Amino acid sequence: MDFCEKEMLGKLSDIIEYKFDNLQHLLTAITHPSYRAEQKVTIADNQRMEFLGDAVIELIVSEKLFELFPDKNEGEMSQMRSAVTNKFPLSKMGKASQLHEFIMLSKGEQNANGAERESTLCDAFEAVVAAIYLDGGYSKASDFFWRIFEKCGFCLVSAVKSFNPKGAIQEYTQKEFKVRPEYVLEKVEGPEHNTVYTVALMVNGDKWSTGTGPNRKQAETAAAEAALNSLSSE
C-alpha cells in the first residue's frame, strides 16, 4: 500500500468515523472488480467483502426487528427486513458515506459514472460494513450501520411500512378519497446512458409529490415514497 492509498483511506476513515487497525480491509472494500481486472493488480476486489457484508447487515437488522416487533412472525419479519436491506436504502447509505468519491473503478466505469450507480454503491456499502466487522467486530459494524441509517433520515418503522411505497400510498388514497393515485410523466432529461425521469404523483388533480429516477418505474416509486414521507410528517 503506497502513500497516496494510505492518505485516501485515511480521509475515508475520517468521513465514516471509524479508525481501522488494518487499512487493507477498507482498501479491499472500495476496490471494484473492474479496477482489479483493468489494472491487473494482486489486491482482492470487494465481491467477497460484499457477500460477508450482506450477511452482517441482515443480522444487524434482524436483531433490531426481533427486539422491536415481538408480535411479528418469521415471514413478517423477513419482509420487514427486506424493506431495510434492499438496494434502494443501502445505495443511499453508500452515498451518505461518500463512497462514490472513493470507489476504485476502471476508466470505462468512471466514464460511465459508475460510482453513482445504485448497484455499485450498494455493493461498496455492504463491503465497508464487512471491513468494519472484520476489523473491529460486530458491535462496531452495527454502530456504523445505524449511524449512517439515521444520517440518511431513515426511520426503521417508516422504512418497514414503506417497503412497497406505491402500494402503501394507493391503499391510503383509496381509503381516504376512494381514488387511486395517478403518476404523470413530467419530463425526461439527460443523455441516453444517464437519463433522468421526473414523475408527479397526482390525487384528484392535485400534485402531492414528485420523484426522479433512471427509469419511469423508479421515478414513480420515488414519488410515492416522497408522498408517504410528507404524510408521516404532518
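The model is predicted. Its chain has 234 residues, of which 41% are buried, and its secondary structure comprises 12 helices and 3 strands. The strands form an open sheet with antiparallel pairing, and 10 aromatic pairs are counted.

**Overall architecture**

- Taken along the principal axes, the box filled by the C-alpha atoms of the chain is roughly 65 × 50 × 25 Å.
- Among contacts in the chain with a separation of 6 or more, 53% are accounted for by residues 24 or more positions apart.
- The chain exposes about 13000 Å², and carbon and sulfur atoms supply 48% of this area.

- The order of the 3 strands in the open sheet is E1-E2-E3.
- Strand E1 (182-189) and strand E3 (206-213) are the edge strands, each pairing on one side only.
- On average, and with direction ignored, neighbouring strands of this sheet are turned by 25 degrees against each other.
- Strand E2 (residues 196-203) pairs with E3 in the antiparallel sense over 7 bridges.
- Tyr197 stands opposite Gly213, a residue of E3.
- In general, the strands of a sheet pair through backbone hydrogen bonds, in either a parallel or an antiparallel manner.
- Helix H11 (residues 165-177) lies across E1, E2 and E3, and runs at about 175 degrees to E3.

**Aromatic pairs**

- The count of aromatic pairs comes to 10.
- One of them joins Phe149 and Phe154, whose rings are 5.3 Å apart centre to centre, with 55 degrees between the planes; this pair is tilted.
- Phe149 counts as buried because its relative accessibility is 3%, under the 20% limit.
- The pair of Phe177 and Trp208 is edge-to-face, because the planes of the two rings stand at 80 degrees, over the limit of 60; the ring centres are 5.8 Å apart.
- This pair links distant parts of the chain, with Phe177 in helix H11 and Trp208 in strand E3, 31 residues apart.
- Phe177 is partly exposed at 37% relative accessibility, and Trp208 is also partly exposed, with a relative accessible area of 27%; partly exposed covers the range between the buried limit of 20% and the exposed limit of 50%.
- Phe125, Phe144, Phe145, Trp146, Phe149 and Phe154 are linked into a cluster by ring pairs.

**Lysines over aromatic rings**

- Lys64 places its charged end over the ring of Trp146, at 5.6 Å from the ring centre; Trp146 is a member of the cluster that also includes Phe149.
- Lys166 lies over the face of Tyr183, 4.9 Å from the ring centre.

- Phe125 is found in helix H8 (residues 118-136).
- With a relative accessibility of 0%, Phe125 counts as buried.
- Apart from its neighbours within four places in sequence, Phe125 is in contact with Ile57, Leu90, Met93, Gly94, Ser97, Leu99, Phe144, Phe145 and Ile148.
- Two of these contacts, Phe144 and Phe145, belong to the cluster of ring pairs that includes Phe125.
- The C-alpha atoms of Phe125 and Gly94 are separated by 4.9 Å, although the two residues are 31 residues apart along the chain.

Methods
Residues numbered from 1 in each chain as written. Predicted model: local features only at pLDDT ≥ 70, side-chain atom pairs only at ≥ 80, totals over all residues. Heavy atoms only, no water. Pairing = 2+ DSSP bridges. Helix = DSSP H or I, 4+ residues; strand = E, 2+ residues; numbered from the N terminus. Axes fitted to C-alpha atoms, helices over the stretch in contact; angles between N-to-C directions. Contact = heavy atoms within 4.5 Å. Phe/Tyr/Trp six-rings, centres within 6.5 Å; stacked < 30°, edge-to-face > 60°. Buried < 20%, exposed > 50% of the residue type's maximum accessible area, 1.4 Å probe, protein only. Lys NZ or Arg CZ within 6 Å of the ring centre and 35° of its normal. Areas by Shrake-Rupley, 256 points an atom, 1.4 Å probe, with all protein chains shown as cover.
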